[in-house]
Amino acid sequence: NVSATRTPDALSEIGRFGGLFRSPGRDQILVGSADGVGTKLKVAHMANKHDTVGQCLVNHCVNDILTQGATPLFFLDYVGTAHLSPQVFADVVKGLCKACRENACALLGGETAEMPGLYPEGEYDLVGTIVGVVSKKDLVTGENIRPGDVLIGLSSTGLQTNGYSLARKIIFEQEGKCLKDIVPGTKKTFQEVLLAVHSSFLKPVLAIRQAGGKINGMAHITGGGLIDNVPRMLPKNTDAVFDRSSWKVPAIYTYLQEKGKIDTEEMYRVFNMGIGYVIAVSQKEAAKVLNALEQAKAKPLVIGSIEKGTGITRFK
């Protein structure tokens with residue numbers, strides 16, 4: 001229920017032409033982002049299961065603004081389709097509401113558009129816009145990252161919202177698998193693995209802040225993987241150097257790489273490879289930060305360090 005996502009600063013009900021929200025106070029910076037869930041929607045359509053993609057969308061957007069230290073204020077959604085199925089729409093909104101409540105974020109409004117001929121029959125597109133806030137003192141820019149800093153990884157639940165076009169091509173077109181087939185090396189079906197909800201990393205990061213830990217930089221591992229996303233937080237005179245042996249790559253990626261005959265470098269550019277979020281902290285802060293993350297049941301892993309360089313991701 002959308003009304004259950006209301007927060008004290010949400011000043012309007014759904015249904016008006018615009019949503020109203022109280023402006024934050026002095027020394028507060030607004031952070032905005034917009035995103036979609038890509039061709040994960042194709043898997044939702046195949047499975048006729050639409051109550052998870054809304055959660056994926058909200059959590060993805062929350063994580064994007066979280067990289068700069070922002071907590072969410074409100075969310076707006078867009079659903080575009082040829083013909084709107086009331087049940088599918090209700091399931092999508094149910095997912096949006098669930099994640100908004102979990103992230104203390106008001107679902108402030110949105111747009112639903114029926115455009116016959118633009119979308120395939122029975123399918124839809126789902127896009128979200130989020131606005132969050134961070135105080136000037138808590139803003140995370142990455143400019144304090146220095147050689148010697150520790151890189152901490154938080155695990156992804158699966159593909160998150162990226163790499164689905166390639167994954168679908170390999171699994172369903174090339175290998176002829178069905179959604180109910182078991183992913184080799186696991187006890188889960190392809191449907192369970194591919195529709196796993198994209199995690200929000202808000203609570204683990206807030207746990208660091210509450211413990212007084214200082215974060216130098218953060219990266220959300222979306223399209224582009226560790227190779228393209230981590231440099232977005234790096235000063236140009238540093239590199240992020242990851243030890244690939246420090247975490248276990250989930251079975252789905254091993255399957256995709258073997259069956260698709262994909263180069264390892266390409267795998268780390270298309271997929272998150274099991275790491276959903278990266279946090280850079282100084283060596284002296286590392287123990288405190290790791291402890292806060294463990295207390296928050298986030299299962300952190302030390303997966304690399306910062307070295308002098310040119311602003312790229314490297315592996316060892």
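This report walks through the sheet, the core and the aromatic rings of one structure.

It is a predicted model, in which local features need pLDDT of at least 70 and side-chain atom pairs count only at pLDDT 80 or more, while totals for chains, interfaces and linings use all residues. Residues are numbered from 1 along each chain as its sequence is written, and side-chain values use heavy atoms, with hydrogens and water left out.

**The open sheet**

Let's start with the strands. Helices (H or I, at least four residues) and strands (E, at least two) are DSSP runs numbered from the N terminus. Four strands make an open sheet with mixed pairing, in the order β1-β4-β2-β3; two strands pair if DSSP finds at least two bridges between them. At the edges are β1 (28-36) and β3 (106-114), each pairing on one side only. Strands β2 (residues 71-81) and β3 run parallel and are joined by eight bridges. Val79 has Thr112 as its bridge partner in β3.

Buried means under 20% relative accessible area, exposed over 50% and partly exposed in between, with a 1.4 Å probe and protein chains only. Five of the six residues of β5 (residues 150-155) are buried, so this strand is largely enclosed by the rest of the structure.

**The nonpolar core**

A nonpolar core is a set of buried Ala, Val, Leu, Ile, Met, Phe, Trp, Tyr and Cys residues joined through side-chain atoms within 4.5 Å. The largest one here has 89 residues, and Phe75, Leu226, Val278 and Ile279 have the most contacts inside it. Helix α2 (residues 53-66) gives the most to this core, with eight residues. A second, separate core of eight residues includes Ala10, Leu73, Leu108 and Val133.

**Aromatic rings**

Rings of Phe, Tyr and Trp (its six-membered ring) pair if their centres lie within 6.5 Å; planes under 30 degrees apart count as stacked, over 60 as edge-to-face and the rest as tilted. There are six aromatic pairs in the structure. For Tyr253 and Phe271, the ring centres are 5.6 Å apart and the planes stand at 50 degrees, so the pair is tilted. Both Tyr253 and Phe271 are buried. Ring pairs also link Phe242, Trp247, Tyr268 and Phe315 into a cluster.
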